[in-house]
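Look over the model below before reading on. The paragraphs after it go from the inside of the protein to its surface.

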Amino acid sequence: MEIPQKEPVHTHNLVSWKERISYAVSDFACNLSFQMIGTYLMFFYTDVFGITAAAVGTLFLVARIVDAIDGPVWGLLIDHTHTRWGKSRPFFLWFAIPFAIFCVLCFTTPNLSMGGKVVWAYITYIGVDVLYSAVNIPITSILPSLTNDTDERVTLSTIRQFFGTAGATIVTVAALPMVNFFGGGNQQKGFFISVLILAIISAILLLITFANTRERIQTKSSRKAIPVKQSLKALKKNWPWAIIIFINFIYWLGMQTKSQVTVYFFKYNMHNAGLASLVLGLQIVALLAVVITPAVAKKIGKRNTMLMGMFLAIVGQLILSVGASQLNVAIIIVATLVGYLGTGFVSGLIAVMLADSVDYGEWKNGVRAEGIVTSFSSFSAKLGMGIGGAVTGMILSAGGYVANATQTATALRAIEQNYIWVPIIGFGLSAIALLFYKVDGIEDKMQADLAAKHQKENEEE
């Protein structure tokens, strides 16, 4: 009897362009909806729905406590999932539509008392947060299963980030014009219709990701459900994972404080709310960094590429402080361009370095647990974004911010602190953490050892 040939361990050029694009549109879909939430929901709550900044800040913090549970739980569920579609891929099918529904509910304004509004906000925001994990964690956890080729992973992550940044740019530029167009002066109606359209598109794109991707890296452990205790072993002394998770947390804390108050800054500090869409739209320059990330990373390494990005982001914020103090639009635009160029290098590599930490956990501990290792990416990012939201709310409240009113000098300084100085702290701490990341130097040996291990496992089956 002829013995069937095992699938090769190496997968060079196995991921077609159709699959690459289908994988990338998942992040485009998530950013279409969740960028709207991350950038405009606080403004919507305070200036449209009528909830106080302090209450919104508390809500964001409570939601992060929930994330401390739901992120790892989704990761464990992925590790326990074993279907004909794979481990991560089915989650796009199961949760695309529920996620879209809750996105719309977040921007729905039922006629309630102040207490009722707060309760509604808690239910819908925490709901969309939990469901976001259900569709976003699989985007990262599926990457190690698409290919084991390092260069191909960088390419996949780069294309994904390109689409993700494009989605975020579309939302930040078009959101307020869409609200004005569909609302005709009624912001409640405008936000609802705009988010409804974005949510429908997001659900369709996530289903396309499900239909056209394949989990082809199947190891002995990944073909069966992994017990919780064994999954956690993948994290033991996994320092690359710990470093990237910390960076993901503190980086997004800084990014969130800035994005949330962008509308406030231009509405109250610059007295021109329309500039917010223009400046947010400048993040399209991040696409340039994303496009050249594979070439730069191949030349100087992933760690050094991300470190360069953090440095540019810090420089951009320092220039921004000059522009804000002088209320100079030209300087603010230059600062924003420099900052977005830096963050483009950063965001394109986080998922790749997390995929590397999956390999590192298997190399060091003998356990390949894509779900639990990568689930902390969503958890740490949302934790950072949530604490960033809480920090924003507390600083605005302490500064005496009052919605739709002429702000005091203290309130204007509070907005500026969120827009400029909190992000600098996040970028600086991230850069320091990167100095301890050493995977680039051992990657060739790690991949060679894992290839031999997988080959042996396949031969024994």
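What follows is a walk through the cores, the cysteines, a serine and a surface patch.

This is a predicted model, in which local features need pLDDT of at least 70 and side-chain atom pairs count only at pLDDT 80 or more, while totals for chains, interfaces and linings use all residues. Residues are numbered from 1 along each chain as its sequence is written, and side-chain values use heavy atoms, with hydrogens and water left out.

Start with the interior. A nonpolar core is a set of buried Ala, Val, Leu, Ile, Met, Phe, Trp, Tyr and Cys residues joined through side-chain atoms within 4.5 Å. Buried means under 20% relative accessible area, exposed means over 50%, and partly exposed lies in between (1.4 Å probe, protein chains only). The largest nonpolar core has 88 residues, and Tyr45 and Phe191 have the most contacts inside it. Helix H1, residues 17–49, gives the most to this core, with 17 residues. Helices here are DSSP runs of H or I with at least four residues, numbered from the N terminus. A second, separate core has 34 residues, including Trp241 and Leu349.

Which residues does tyrosine 45 touch, leaving aside its neighbours within four places in sequence? Among them are Ile51, Leu59, Phe60, Cys106 and Tyr125. Contact means heavy atoms within 4.5 Å.

The structure holds zero disulfides. A disulfide is a covalent bond between the sulfur atoms of two cysteines; the cut-off used here is a pair of cysteine sulfur atoms within 2.5 Å. The sulfur of cysteine 106 has its closest cysteine sulfur in cysteine 103, 6.6 Å away, so the two are too far apart for a bond. Cysteine 103 is buried, with a relative accessible area of 1%, and cysteine 106 is also buried, at 1% relative accessibility.

Serine 194 lies in helix H7, residues 187–212. Serine 194 counts as buried because its relative accessible area is 0%. Leaving aside neighbours within four places in sequence, serine 194 is in contact with Met178, Val179 and Phe182.

Now turn to the surface. Phe246, Ile425, Leu429, Ile432, Leu435 and Phe436 form a nonpolar patch there, with about 580 Å² of accessible area together (Shrake-Rupley method, 1.4 Å probe). Such a patch joins nonpolar side chains within 5 Å, from residues with over 30% relative accessible area and no salt bridge (a side-chain nitrogen of Lys or Arg within 4 Å of a carboxyl oxygen of Asp or Glu). Helix H15, residues 409–434, gives the most to the patch, with three residues. Leucine 429 lies in helix H15 and counts as partly exposed, at 35% relative accessibility.

Notes: Helix = DSSP H or I, 4+ residues; strand = E, 2+ residues; numbered from the N terminus. Patch = residues over 30% accessible without salt bridge, like charges linked within 9 Å, V, L, I, M, F, W, Y side chains within 5 Å.
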